[in-house]
Amino acid sequence: MSIETIFASATGAGRAAIAVIRLSGPMVGAVLERIAGRLPEPRSAHYARLADPRSGETIDRGLILYFPAPNSPTGEDYAELQIHGGRAVMRAVLTALSAFSGLREAQPGEFARRSLANGKMDLSQVEGLADLIEAETECQRRQAIRALGGALRKQVESWRELLIRALALVEAELDFSDEGDVFEPATALHPLLAPLLEEMSAVLANGAASERLRDGFVVLLLGPPNAGKSTLLNALARRDVAIVSPVPGTTRDMIEVHLDLGGIPVTLVDTAGLREAKDEIERIGVERTRARIAEADLLLWLSEKGADAPELAAAEGAELIRVATKADLGNCTSDDLAISARTGFGIERLLDEMAARARQRLGDGSTAVLTRERHRRLIQEARDAIEASLDPGKPLEFVADDLRVTGRALGRIVGAVDVEDVLDAIFSQFCIGK
C-alpha cells in the first residue's frame, strides 16, 4: 500500500506576519521542484519564488526547508513553506498544492501520527505534545515539556532493561534446568525485581498530582445566601460573570471561572447559597452544590462574620478555609481571613493562600513522570504482576508469565504493543497540520 503525501497549514486561522505550510510523504521532492523550481539543499532555509504549477504565475516569495527521510520530523520526506500570512496568499498556496495528483490535506494529528509510526516519537511523547498544545499555565507547560522530552519513556526503558534481565534468568532456568551449573533463580531474581517494585510504587504514589495538574485545582465558593460569593467571583475574574443581587437565592446554578495562580490552573466555582430551598429551582441548585463539594480540592466557606461551616461531605483530602467577607463593614475579627471584594482588602492574601494549597496538592510539573490515567493503570498492572512474580515457591512457568504481563503493560505505555484502541482518541484532539 502506497503512502500518501499530505499537506496542511500549521498556522492558526486569520491574518499573520508569517504562515507555515507543512508537507510529508514520498512526493515532497517532486512538489518542491514544481512549485519552487528546484529541490533545495536539505536542512537549510532557501529563499524562493513560489509559483502555481498550472499557470506559472507567482503566488508568493518565501523560505523553503527540506528534510529527506528518515532524518525528518515525520521520518518521511518532509518540507515546510514559510510564506506571508495573508489569507489570500495562504489560500492560493493551498489551492496550488491541492492541484497535484496524489496530494491531499492532512487529517487532525496526522503529522504526529506518522512520527509515531516511524519511530520519531513514542506514544507518551505524543500525549505530551497534545498536553503542550492544550497547556494554559506555566506548570502545565513544564509538565508537558517533560513528557514530550521522554521522561516517561526513559523511566519505562530502565524498567524494561531490568525486566529483560530477570526474564532471561527465568527462561535460562526453564530451558537448561538439567545442566550442571543450575542456579537458584529465586536468589537471583529478588535483587532485580524488588527495586523495580519499589520504583513503580513510588511513581504511582507521586503520580496523582501530575495527573490532576492537567485538569486543574478546583475551588468551591460556599456559604449562606448573600455572603458575597458572587461578588468575590466577579472580583477575581475581573469582570461580571455572576449576577449580584441582595435577593437571597439569586445564584441557582454553578458558575466557573478559570484562573492562573502561580502557574497552576485553578477552577473557581460559584455555587448556590446553602440553605433550605424556597422553590424547586433553588433546591436543584443546592443539590448540585452538595454533589460538587465531593469533587473539590479546596472549599472556601464565606460568611459575613467568619462563622463556622456546617458539616460538609468533602472529597478525601479536600481542605476548608473560613473566609470573613465584607470586611469593609467591620464584620470580622483579627483571627479571620478577612476580605472585602468591593475594596480589594485581603484579596491578595486569599489568592496567595489558594496558590499555596494548589502547589502543595499538585506540584509544579517539574518532576512529573506519569500524567494520565492510562499511564497509572498500566503501571499498576505491571507492578501487580511483578509483585505476583515474587511470591515464594511459585513455579517458574508462572513467574515467566507474570514477567511477560509486566512487559506487555510497559510496552503499551509507550505504544510498542496493542494501542490502536487509544490512537484515534488521542489524535482526534490535535489541530490539522500538527
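This is a predicted model: local features need pLDDT of at least 70, side-chain atom pairs count only at pLDDT 80 or more; totals for chains, interfaces and linings use all residues.

User: Which residues have the most contacts inside the largest nonpolar core?

Analyst: V219, L232, V266, L268, L300, L350 and M354 have the most contacts inside that core, which has 30 residues. Two or more residues each come from β7 (217-222), α8 (229-237), β8 (255-261), β9 (264-270), β10 (298-303), β11 (319-324) and α10 (347-362). Of these, α10 gives the most, with seven residues. Another core, of 28 residues, lies apart from this one, and L152, L370, A382 and A400 are among its members.

User: What share of the residues of the protein chain count as buried?

Analyst: Of the 434 residues, 48% count as buried. The secondary structure comprises 13 helices and twelve strands. Among the contacts with a separation of 6 or more, 62% are between residues 24 or more positions apart.

User: How should I read the packing of two helices?

Analyst: Two packed helices are described by the angle between their axes and by the distance between those axes. In this model, α11 (residues 373-389) and α12 (residues 396-414) pack at about 165°, with their axes 8 Å apart. Angles over 145 degrees count as roughly antiparallel, and α11 and α12 are therefore roughly antiparallel to each other. The crossing in which α11 passes α12 is left-handed.

User: Which residues of α11 and α12 make the contact?

Analyst: On the α11 side they are R374, H375, L378, I379, E381, A382, A385, I386, A388 and S389, and on the α12 side V399, D402, L403, V405, T406, A409, L410, R412 and I413. By class, the residues of this contact divide into twelve nonpolar, three polar and four charged.

User: At what angle do the axes of α4 and α5 cross?

Analyst: The axes of α4 (residues 123-134) and α5 (residues 138-148) cross at roughly 155° and come within 7 Å. That angle makes α4 roughly antiparallel to α5, and their crossing is left-handed. The contact involves S124, Q125, G128, L129, D131 and L132 of α4, together with R141, A144, I145, A147 and L148 of α5. Its residues divide into six nonpolar, three polar and two charged.

User: Are R43 and K326 buried, partly exposed or exposed?

Analyst: R43 is partly exposed, with a relative accessible area of 49%. K326 is likewise partly exposed, at 25%. E295, with a relative accessible area of 54%, is exposed.

User: Where is E295 placed?

Analyst: E295 is in the loop between α9 (280-293) and β10. The C-alpha atoms of E295 and A318 are separated by 8.5 Å, while the two residues are 23 residues apart along the chain.

Technical notes
Residues are numbered from 1 along each chain as its sequence is written. Side-chain values use heavy atoms; hydrogens and water are left out. A nonpolar core is a set of buried Ala, Val, Leu, Ile, Met, Phe, Trp, Tyr and Cys residues joined through side-chain atoms within 4.5 Å. Buried means under 20% relative accessible area, exposed over 50%, partly exposed in between (1.4 Å probe, protein chains only). Helices (H or I, at least four residues) and strands (E, at least two) are DSSP runs, numbered from the N terminus. Axes are lines fitted to C-alpha atoms, for helices over the stretch in contact, and angles run from 0 to 180 degrees between N-to-C directions. Angles under 35 degrees count as roughly parallel, over 145 as roughly antiparallel, 65 to 115 as roughly perpendicular and the rest as oblique. A crossing is left-handed if the near helix is turned anticlockwise from the far one by less than a right angle, and right-handed if clockwise. Contact means heavy atoms within 4.5 Å. Ala, Val, Leu, Ile, Met, Phe, Trp, Tyr, Cys and Pro count as nonpolar, Asp, Glu, Lys and Arg as charged, and the others, Gly among them, as polar.
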